[in-house]
Amino acid sequence: MPPVDRQGRRPADRRWRATLRALHRWFGLASALWLTLLALTGSAIVFYDELDRWLNPDLHMVPAAPAGAAPVASVLHRAAHDVPGFMPRFIDLPDRSGETIRMAGSLQLPEGDTGPAEVFADPRDGSVLGWRLTETISLDRRHLMNFLYGLHMDLILGPAMAWFLGLVALLWVLDHGVAAVLAFPALAKWAASFRVGGRFPGLRWMFDLHRAAGLWLFPVTLVLAVTSLTLTWHEETRAAVRLIAPVSERLHEDFPDRPVETPALDIDAALTVAAVRTGAAADSVLLLPRKGAYGVRSFDARDMDGYGRLWTYVSMEGGQVLGQRHDLGEGAGDMFFAWQYPLHSGKGLGLAGRLLVLAGGLSTAMLCLTGLWLWWKRRR
C-alpha cells in the first residue's frame, strides 16, 4: 500500500493538491494588482451616492420644495440653454423632497468630440445648479467618485480592459473552488481552518489569517466574482445561460428604429401616461429618440434595490403605450440577470448587504496582499 502522510493522503492525493496550490499561487500572482484595484474602488463606491452627496451638496441638495415642481420639459429646456451642446439621455427624478434632478447624457466638447456628462437641476424652478464631465481623471471633489467608478468599471481604459477584467473575474470564480479545496487539508479538522493561530506577524499567523478570512467571507466574495463576470461579459454570460433557460432583453432593444427629432408628446405627458398605467411614481426616464419612445421607470413592489424597475414605453408621437416590462422578466434566466447588480452593489439586501459587499471588497484586497506576502516569504 502506498505510504500516507499525517493527514492520511496518498502520493496521488499529494500531487493533486500540489497542482491546485500551484494554480492558486499563479492566479494570485497574476491577478493581485487587478483584484486589489477593483476591490478597493468597489469598496468606495458601495456608498457612491452618500459620498458624492457629501462631497457635492450643491449639486445634490436643495431646500425642501413645497407641493408642485417645474415641468420636466422646462428643466430640459433650461439645461439645453445653460449648458450648450448637452444632449440628455437619462433623467433621474427626485425620490424625495430636497433632492435634485440629475440628467446624464453627452456634451459637445470644444475640440469637436463628445464626452459623457451630468447636469443637475433644481426641481422647484428648473434652474441648472451645475454640471460635470463624468470621465474626468481628477481627485477633486467634483470628480472623485466618478473617477473611482470609472476605475472600477474598466480602469478608464475602455472596452478592451473591460473584457480583460471579465477574464480575471472568470478565473476568480474558478479559483474560489480551488481555494475551497486547499482550505481543508484534513476534513476531520475542518473547524481549525476557520481559526487564526500562531504569533503575529509570523508565517503561520499570516497563513491562517489568509485562509480563515477567505473562508468566513467565501459566500460574499463568490457572489462578487460571479456578478463581476456577468456584469462585464454581458453578452457571453447571457449566451451561456440561454443554454439552460430563456433570457430576454429590455423591450426597447427589439423596437424597430423610428427616429424622432422633435417629439409631438413632451416628457411630462409621457410621465402622466405611465402614472395612469402603473399607478406609481416615476423613478427616472430614458430618452430613446432613435426608437421614438420614452422609457419611464416606475417603482413597483417587485423592485429589488430601491430603483424603479418597471418599464413603461410611451410613444413620442402618439402617446400610446408601446409595451411594459419589469426587469425581473418572465422566467429564471431573466430573474438571474436582474439580480446581478443588486447583489454586486449590495443594494438588494439594504444596508446590511452594502456592508457585506464593503467587507467582501476589503477582504479581497487583504487576501491579495497577504497572499503576496506569503509567496515572498516562502520564496526567500
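Valine 119 is buried, with a relative accessible area of 0% (buried means under 20% relative accessible area, exposed over 50%, and partly exposed in between, with a 1.4 Å probe and protein chains only). The model is a predicted one, in which local features need pLDDT of at least 70 and side-chain atom pairs count only at pLDDT 80 or more, while totals for chains, interfaces and linings use all residues. Residues are numbered from 1 along each chain as its sequence is written, and side-chain values use heavy atoms, with hydrogens and water left out.

Valine 119 is found in strand S3; helices (H or I, at least four residues) and strands (E, at least two) are DSSP runs, numbered from the N terminus. Not counting residues up to four places away in sequence, valine 119 touches Ala79, Val83, Phe86, Ile101, Arg102, Met103, Val128, Gly130 and Trp131, where contact means heavy atoms within 4.5 Å. Valine 119 and proline 88 are 31 residues apart along the chain, and their C-alpha atoms are separated by 8.5 Å.

The chain as a whole has 13 helices and eight strands. Its C-alpha atoms fill a box of roughly 85 × 45 × 40 Å, taken along the principal axes. Of its 380 residues, 44% count as buried. Among contacts between residues at least 6 apart in sequence, 59% join residues at least 24 apart.

The largest nonpolar core holds 27 residues, and those that touch the most other members are Phe86, Ile91, Met103, Ile267, Val285 and Tyr294. A nonpolar core is a set of buried Ala, Val, Leu, Ile, Met, Phe, Trp, Tyr and Cys residues joined through side-chain atoms within 4.5 Å. Two or more residues of this core come from each of helix H4 (72-82), strand S1 (86-92), strand S2 (101-108), strand S3 (114-121), helix H10 (267-278), strand S5 (282-288) and strand S6 (293-298). Phenylalanine 86, leaving aside its neighbours within four places in sequence, is in contact with Ala79, Met103, Ala104, Gly105, Ser106, Leu107, Ala117 and Val119. A second, separate core has 13 residues, among them Trp172, Leu217, Leu224 and Cys368.

The second largest pocket contains about 1200 Å³ of space. On a 1 Å grid over the protein atoms alone, a pocket is an open set of points where a 1.4 Å probe fits, with protein on both sides within 12 Å along at least five of seven lines, and lining residues have an atom within 4 Å of a point. Grid points are joined across faces, edges and corners, and the volume is the space filled by probe spheres set on the points. The second largest pocket is lined by 39 residues, of which His24, Leu182, Phe207, His210 and Arg211 are the closest to its centre. Helix H1 (11-45), helix H6 (159-182), helix H7 (203-216), helix H8 (218-232) and helix H13 (350-379) are the elements that give two or more residues to this lining. H1 gives the most, with 10 residues. By type, the lining of the second largest pocket divides into 20 nonpolar, 11 polar and eight charged residues; Ala, Val, Leu, Ile, Met, Phe, Trp, Tyr, Cys and Pro count as nonpolar, Asp, Glu, Lys and Arg as charged, and the others, Gly among them, as polar.

In H9, Thr237, Arg238 and Val241 are buried. Seen down the axis of H9, these buried residues fall within an arc of 105°, so they line one face of the helix; the arc is that of the directions from the helix axis to the C-beta atoms. The buried residues of H9 pack against H8 and helix H11 (332-338). Arginine 238, which lies in helix H9 (residues 234-241), has a relative accessible area of 10%. Not counting residues up to four places away in sequence, arginine 238 touches Val247, Glu249 and Phe337.

Several loop residues were also examined. Leucine 155 is found in the loop between helix H5 (144-154) and H6, and its phi is near 60°, a positive value in a residue other than glycine. Leucine 155 counts as buried at 12% relative accessibility. Isoleucine 156, in the loop between H5 and H6, has a phi near 55°, also a positive value in a residue other than glycine, and is partly exposed, with a relative accessible area of 28%. A cis peptide bond, with omega about 0°, joins phenylalanine 200 and proline 201; proline 201 lies in the loop between H6 and H7.
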